[in-house]
Amino acid sequence: MDTVDRSREQPTPDGTAAVFDLPGLVELVVERMQDVSPRPLSTAQLRAVIALDHHDGLNLRTLAELLGSTPPLVSRLCDRLEAVGFLERLPSTRSRRELVLRLSERGRGYLREVRARRRENIEAVLEKMTPAGRAALAAGLREYHAAGTGDEVGHGAP
């Protein structure tokens with residue numbers, strides 16, 4: 001797949017080029033953060049680990065819904081997570097036919113490592129930015145987050 005380097009594009013006076021390329025820039029940042037994840041997990045498996053960290057004790061169907069997948073695919077994904085020791089399947093207290101999915105201590109440790117690496121990577125990049133650039137980025141990210149979650153942006157907040 002050919003890529004186009006737009007890093008030298010100059011914005012027009014009304015900022016059109018800068019806004020046009022913004023989705024590409026956000027995508028590059030996200031892709032760079034995915035590269036921080038140490039093996040043995042795929043991106044899909046890492047998403048599952050993160051979902052289980054946020055929602056402890058899910059059943060397979062709920063995890064599949066969160067991941068936008070199907071129970072059979074997520075079941076195989078969970079098989080692999082269990083094989084590397086990151087996932088525990090426990091009997092549900094609500095139903096004898098249902099299992100509850102939980103991260104193991106090894107899975108939680110892996111996630112702590114991923115988050116620490118990401119944070120180090122982000123901090124290294126932020127150190128290279130000017131204070132004004134960091135402030136603009138922080139304001140923009142707060143607004144981006146608020147728009148994505150439906151929260152109202154506090155215009156006076158730092």
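Guide: The chain has 158 residues, of which 23% count as buried. Please note that the model is a predicted one. Its secondary structure comprises six helices and two strands, which follow one another along the sequence as α-α-α-α-β-β-α-α. The chain exposes about 11600 Å², and carbon and sulfur atoms supply 55% of that area.

Visitor: Why is Ser 104 called buried?

Guide: A residue counts as buried when its relative accessible area is under 20%. The value for Ser 104 is 6%, and Ser 104 is therefore buried. This residue lies in the loop between β2 and α5. Leaving aside residues up to four places away in sequence, Ser 104 touches Gly 85, Phe 86, Leu 87 and Glu 88.

Visitor: What makes Glu 82 partly exposed?

Guide: The class of partly exposed residues lies between the limit for buried, under 20%, and the limit for exposed, over 50%. Glu 82 has a relative accessibility of 36%, so it counts as partly exposed. Glu 82 is found in helix α4. With residues up to four places away in sequence not counted, Glu 82 touches Leu 87 and Arg 89.

Visitor: How far apart are the C-alpha atoms of Glu 82 and Ser 104?

Guide: The separation is 8.9 Å, while the two residues are 22 residues apart along the chain. As for the chain in general, among contacts between residues at least 6 apart in sequence, 45% join residues at least 24 apart.

Visitor: How do you know that α2 and α5 are roughly perpendicular?

Guide: Angles from 65 to 115 degrees count as roughly perpendicular. The two helices pack at about 105 degrees, with their axes 11 Å apart. The pair α2 and α5 is therefore roughly perpendicular.

Visitor: Which residues of α2 and α5 meet?

Guide: From α2 come Leu 46, Val 49, Ile 50, Asp 53 and His 54, and they meet Gly 107, Arg 108, Tyr 110, Leu 111, Arg 115 and Arg 118 of α5. By class, this contact of α2 with α5 has five nonpolar, two polar and four charged residues.

Visitor: Why is α2 also called roughly perpendicular to α4?

Guide: The axes of α2 and α4 cross at roughly 80 degrees and come within 10 Å. Since the range for this term is 65 to 115 degrees, α2 is roughly perpendicular to α4. The contact is made by Ala 44, Gln 45, Ala 48 and Val 49 of α2 together with Leu 77, Arg 80 and Leu 81 of α4. Its residues divide by class into five nonpolar, one polar and one charged.

Visitor: Which residues of the largest nonpolar core touch the most other members?

Guide: They are Leu 52, Leu 63 and Leu 81, out of the 21 residues in this core. At least two core residues are supplied by each of α2 (43-54), α3 (60-67), α4 (71-83), β2 (99-103) and α5 (105-128). Helix α2 gives the largest share, five residues.

Visitor: What does Leu 63 touch?

Guide: Not counting residues up to four places away in sequence, Leu 63 touches Ala 48, Ala 51, Leu 52, Leu 58, Val 74, Cys 78 and Leu 101.

Technical notes
Residues numbered from 1 in each chain as written. Predicted model: local features only at pLDDT ≥ 70, side-chain atom pairs only at ≥ 80, totals over all residues. Heavy atoms only, no water. Core = buried A, V, L, I, M, F, W, Y, C linked by side-chain atoms within 4.5 Å. Buried < 20%, exposed > 50% of the residue type's maximum accessible area, 1.4 Å probe, protein only. Helix = DSSP H or I, 4+ residues; strand = E, 2+ residues; numbered from the N terminus. Contact = heavy atoms within 4.5 Å. Axes fitted to C-alpha atoms, helices over the stretch in contact; angles between N-to-C directions. Parallel < 35°, antiparallel > 145°, perpendicular 65-115°, else oblique. Nonpolar A, V, L, I, M, F, W, Y, C, P; charged D, E, K, R; others polar. Areas by Shrake-Rupley, 256 points an atom, 1.4 Å probe, with all protein chains shown as cover.
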